[in-house]
Amino acid sequence: MLGNSVGGSHATRMADVAQRPYSAPNDATRDTKMPMIETALTRLLGIEHPILLAPMGSAAGGKLAAAVTNAGGLGLVGSGYANADAVRKELAEAGNTRVGVGFILWALEKNPAALEAALDARPAAIMLSFGDPTPFTGRIKDAGCKIICQVQTLAQAKQAAAAGADVIIAQGRDAGGHSGTTRGTMGLVPAVVDAVGSIPVVAAGGIADGRGLAAALALGAAGVSMGTRFTATRESLWDQAMKATTLAAGGDQTEQTRVFDVVRGAAWPAIYPGRALRNAFSVRWNGREDELAADQPAQEKIVLATAPDDFDTRVVWTGEGVDLVNDIPGAAEVIERIVAQAAETLARGARLVHGTPSRSA
Ligand SMILES: Cc1cc2nc3c(=O)[nH]c(=O)nc-3n(C[C@H](O)[C@H](O)[C@H](O)COP(=O)(O)O)c2cc1C
């Protein structure tokens, strides 16, 4: 953790990266330069590309986080439900690479010691989501660590800004895994940008390619945080059956549901359902959550006994952006593709403009 694989001054790194020939892995014929997109986020975090790996409990381990950081983004490991052992294990997997750690706030409130386990390793950033960050931001700031708050509403964005967030992730309900119920990425991001002044805003939810990064920048965001796209990478902790199911799935098959949390006895507040693939289990229990809770031990046994490839029962958390996930590359290749496509998209967008834009536009 203390070593910094993204070492040197930002300017030196930018110059270095700008010189680096861009060749996508497995494509020795490419010899273009890797484009650079510099934003307030890249400057603040000292990274090359404005891309964060979302801290996903079941998928974003130390290996994936390190791969994202080594490719010029910033990887964040998931901490499960504020599990100190999981934090130590995944940070060890990341080795000397500079990564951050993400916490689910309502779980951290029950086990604040997990934050100390993370801060001991001097992470690049701590991300807090799904609750009020205020009780924890002072401690994180005192440790000299950057604070990233993921929010689901405009009111939460203002709360995070007042609590001292260095970066605010505006997460729409398009996202894979847990999110709010009310706001989509497209409407939430510019509203948060307008509300939080100079704090860099990152867009999350439904972004899985370079068009999504370009769109986020057009909305005023300084970068993106992606989960679903990275679940299907070589370094993801998911097993092959999960990755294959993700590849075969489309956004139309996703839904926000609480049933997978209810059956596991996970204490998620009802305002944070999770987006997952609809399956026989969710169809059976959606709308009958109280009944399921009453039957929880029996049903949990069935779920636990389910074969790993039985996706009629097993949950696959995934977002609306899953339509765009069609292969299982390495994380570095994902980042190269996204930056290249975003740069092309932004350039194409600029060519659509005739005349001089007015300042108020
Ligand atoms: C499999 C999966 C697990 C997730 N786990 C967490 C988590 O443990 N903590 C968290 O803050 N967010 C979690 N998220 C949500 C992400 O932080 C992020 O907001 C989301 O992935 C962005 O949307 P996208 O999936 O469309 O890229 C998870 C998302 C997925 C897909």
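A residue is called buried here if 20 or more other C-beta atoms lie within 10 Å of its own, exposed if 12 or fewer do, and partly exposed in between, with C-beta atoms placed from the backbone. The model is predicted, and local features need pLDDT of at least 70, side-chain atom pairs count only at pLDDT 80 or more, and totals for chains, interfaces and linings use all residues. Residues are numbered from 1 along each chain as its sequence is written. Helices (H or I, at least four residues) and strands (E, at least two) are DSSP runs numbered from the N terminus.

The buried residues are Gly210, Gly212, Leu213, Ala214, Ala215, Ala216 and Leu217. Their cover includes helix 9 (185-195), strand 10 (201-204), strand 11 (223-226) and helix 17. Just after helix 10, Gly220 adopts a positive phi of about 100°.

The loop between strand 10 and helix 10 holds Ala208. Ala208 is buried, with 26 other C-beta atoms within 10 Å. Two residues are in contact if their C-beta atoms, placed from the backbone, lie within 7 Å. Apart from neighbours within four places in sequence, Ala208 is in contact with Met226, Thr228, Arg229, Gly321, Leu324 and Val325.

Helix 17 (residues 331-351), part of the cover of helix 10, has 21 residues and reaches 30 Å from its first C-alpha to its last, close to the 30 Å expected at 1.5 Å a residue; the expected span is 1.5 Å times one less than the number of residues. Its buried residues are Ala331, Val334, Ile335, Glu336, Ile338, Val339 and Ala342.

Two packed helices are described by the angle between their axes and the distance between the axes. Axes are lines fitted to C-alpha atoms, for helices over the stretch in contact, and angles run from 0 to 180 degrees between N-to-C directions. Helix 3 (residues 62-70) packs against helix 17 at an angle of about 40°, with the axes 8 Å apart. Helix 3 is therefore oblique to helix 17; angles under 35 degrees count as roughly parallel, over 145 as roughly antiparallel, 65 to 115 as roughly perpendicular and the rest as oblique. Leu64, Ala67, Val68 and Asn70 of helix 3 meet Ala331, Ala332 and Ile335 of helix 17. These contact residues comprise six nonpolar, one polar and no charged, where Ala, Val, Leu, Ile, Met, Phe, Trp, Tyr, Cys and Pro count as nonpolar, Asp, Glu, Lys and Arg as charged, and the others, Gly among them, as polar.

Helix 3 also packs with helix 4 (residues 84-94), their axes coming within 7 Å and crossing at roughly 45°. Helix 3 is thus oblique to helix 4. Gly62, Lys63, Ala65 and Ala66 in helix 3 meet Glu90, Leu91, Ala92, Glu93 and Ala94 in helix 4. By class, this contact has five nonpolar, one polar and three charged residues.

Two loop residues complete the tour. Arg122, in the loop between helix 6 (113-120) and strand 6 (125-129), has a positive phi of about 50° although it is not a glycine. Arg122 is partly exposed, with 13 other C-beta atoms within 10 Å. Phe130, in the loop between strand 6 and helix 7 (134-142), is not a glycine either, yet has a positive phi of about 70°. Phe130 is buried, with 23 other C-beta atoms within 10 Å.
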